[in-house]
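Please look over the sequence and the structure below. The paragraphs that follow lead through them step by step.

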Amino acid sequence: APGSGAGAGGVSGGDNGGGVIGDGSIEALMAKLAEKCDSMYEGLEKAVNNLGDNPSQKDLQKVQMMMDKYKQMTELLSNVQKDFSEMNMAIIRNIKG
(Lines give C-alpha, C1' and ligand atoms only; values in the text may rest on other atoms or scores of the structure.)
Protein backbone atom coordinates (compact mmCIF):
# COMPACT_ATOMS: atom_id res chain seq x y z
CA ALA A 1 0.00 0.00 0.00
CA PRO A 2 1.42 3.42 -0.91
CA GLY A 3 1.97 5.56 2.15
CA SER A 4 0.57 4.92 5.60
CA GLY A 5 -2.82 6.61 5.56
CA ALA A 6 -6.20 5.40 6.68
CA GLY A 7 -7.02 2.25 4.80
CA ALA A 8 -4.94 -0.26 2.95
CA GLY A 9 -4.28 1.98 -0.05
CA GLY A 10 -4.02 5.32 1.66
CA VAL A 11 -1.46 7.92 0.79
CA SER A 12 -1.44 10.32 3.72
CA GLY A 13 1.53 10.59 5.96
CA GLY A 14 4.07 10.87 3.17
CA ASP A 15 7.14 13.09 3.28
CA ASN A 16 6.61 16.37 1.49
CA GLY A 17 10.22 17.35 1.06
CA GLY A 18 10.96 18.79 4.49
CA GLY A 19 8.88 21.95 4.47
CA VAL A 20 11.84 24.27 3.93
CA ILE A 21 9.67 26.95 2.34
CA GLY A 22 6.78 28.94 3.76
CA ASP A 23 4.76 29.08 6.94
CA GLY A 24 3.14 25.64 6.80
CA SER A 25 0.87 26.30 3.86
CA ILE A 26 2.74 23.73 1.77
CA GLU A 27 2.28 21.13 4.46
CA ALA A 28 -1.41 22.01 4.71
CA LEU A 29 -1.84 21.69 0.95
CA MET A 30 -0.09 18.32 0.91
CA ALA A 31 -2.20 17.10 3.82
CA LYS A 32 -5.41 18.14 2.06
CA LEU A 33 -4.35 16.41 -1.16
CA ALA A 34 -3.47 13.25 0.77
CA GLU A 35 -6.80 13.34 2.62
CA LYS A 36 -8.63 13.71 -0.69
CA CYS A 37 -6.74 10.72 -2.11
CA ASP A 38 -7.60 8.65 0.95
CA SER A 39 -11.26 9.64 0.66
CA MET A 40 -11.29 8.75 -3.03
CA TYR A 41 -9.69 5.38 -2.26
CA GLU A 42 -12.30 4.61 0.38
CA GLY A 43 -15.10 5.46 -2.06
CA LEU A 44 -13.51 3.29 -4.74
CA GLU A 45 -13.10 0.42 -2.30
CA LYS A 46 -16.77 0.65 -1.29
CA ALA A 47 -17.88 0.75 -4.93
CA VAL A 48 -15.83 -2.36 -5.76
CA ASN A 49 -17.12 -4.21 -2.70
CA ASN A 50 -20.72 -3.36 -3.66
CA LEU A 51 -20.44 -4.66 -7.23
CA GLY A 52 -21.81 -8.10 -6.40
CA ASP A 53 -21.54 -11.24 -8.49
CA ASN A 54 -23.06 -9.93 -11.72
CA PRO A 55 -22.34 -6.19 -12.07
CA SER A 56 -23.95 -4.20 -14.85
CA GLN A 57 -21.92 -2.47 -17.53
CA LYS A 58 -22.93 0.89 -16.04
CA ASP A 59 -21.59 -0.12 -12.60
CA LEU A 60 -18.33 -1.32 -14.12
CA GLN A 61 -17.93 1.93 -16.05
CA LYS A 62 -18.57 3.91 -12.87
CA VAL A 63 -15.88 1.98 -11.02
CA GLN A 64 -13.47 2.41 -13.94
CA MET A 65 -14.09 6.16 -13.92
CA MET A 66 -13.46 6.26 -10.16
CA MET A 67 -10.22 4.32 -10.66
CA ASP A 68 -9.09 6.75 -13.35
CA LYS A 69 -9.82 9.76 -11.13
CA TYR A 70 -7.99 8.14 -8.20
CA LYS A 71 -4.98 7.44 -10.43
CA GLN A 72 -4.93 11.05 -11.64
CA MET A 73 -5.14 12.35 -8.08
CA THR A 74 -2.32 10.13 -6.83
CA GLU A 75 -0.18 11.15 -9.81
CA LEU A 76 -0.87 14.80 -9.03
CA LEU A 77 0.09 14.30 -5.40
CA SER A 78 3.26 12.47 -6.40
CA ASN A 79 4.24 15.18 -8.89
CA VAL A 80 3.63 17.97 -6.37
CA GLN A 81 5.72 16.16 -3.75
CA LYS A 82 8.51 15.62 -6.29
CA ASP A 83 8.44 19.27 -7.37
CA PHE A 84 8.58 20.55 -3.79
CA SER A 85 11.41 18.16 -2.99
CA GLU A 86 13.39 19.32 -6.03
CA MET A 87 12.72 22.94 -5.13
CA ASN A 88 13.93 22.36 -1.56
CA MET A 89 17.08 20.63 -2.82
CA ALA A 90 17.78 23.54 -5.19
CA ILE A 91 17.48 25.98 -2.29
CA ILE A 92 19.85 23.90 -0.18
CA ARG A 93 22.35 23.72 -3.06
CA ASN A 94 22.15 27.51 -3.47
CA ILE A 95 22.70 28.08 0.24
CA LYS A 96 25.76 25.79 0.21
CA GLY A 97 27.08 27.83 -2.69
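Against what do the buried residues of α2 pack? They pack against α1, where contact means heavy atoms within 4.5 Å and buried means under 20% relative accessible area, with exposed over 50% and partly exposed in between (1.4 Å probe, protein chains only).

This is a predicted model, in which local features need pLDDT of at least 70, side-chain atom pairs count only at pLDDT 80 or more, and totals for chains, interfaces and linings use all residues. Residues are numbered from 1 along each chain as its sequence is written, and side-chain values use heavy atoms, with hydrogens and water left out.

The pLDDT is the predictor's confidence in each residue, from 0 to 100. Its mean over the protein chain is 79, and 75% of the residues reach 70 or more. Over residues 1-22 the pLDDT is below 50, although this stretch has 47 contacts in the model beyond near neighbours in sequence.

The protein chain contains two helices and zero strands; helices (H or I, at least four residues) and strands (E, at least two) are DSSP runs, numbered from the N terminus. Helix α1 has 25 residues and reaches 36 Å from its first C-alpha to its last, close to the 36 Å expected at 1.5 Å a residue. The expected span of a helix is 1.5 Å times one less than its number of residues. Helix α2 has 40 residues and reaches 58 Å between its first and last C-alpha, close to the expected 58 Å. After α2 comes G97, whose phi is positive, near 85 degrees.

Now to the packing between the helices. The buried residues of α2 are V63, Y70, M73, L77, V80, F84 and N88. Those of α1 include I26, M30, L33, C37, D38, M40 and Y41, and the buried residues of α1 pack against α2. M73 gives an example: leaving aside its neighbours within four places in sequence, M73 is in contact with L33, K36, C37 and M40.

A nonpolar core is a set of buried Ala, Val, Leu, Ile, Met, Phe, Trp, Tyr and Cys residues joined through side-chain atoms within 4.5 Å. The largest one here has 15 residues, and M30, C37, Y70, M73, L77 and F84 have the most contacts inside it. Helices α1 (25-49) and α2 each supply at least two residues of this core, and the largest share, nine residues, comes from α1. In soluble globular proteins, nonpolar side chains tend to be buried together.

The structure holds one salt bridge, that is, a side-chain nitrogen of Lys or Arg within 4 Å of a carboxyl oxygen of Asp or Glu. The side chains of K82 and E86 form it, at 3.4 Å from N to O. Both residues lie in α2 (residues 57-96), four residues apart, about one turn of the helix. K82 is partly exposed, with a relative accessible area of 47%, and E86 is partly exposed as well, at 42%.

For the protein chain as a whole, 23% of the 97 residues count as buried. Of its contacts with a separation of 6 or more, 60% are between residues 24 or more positions apart.
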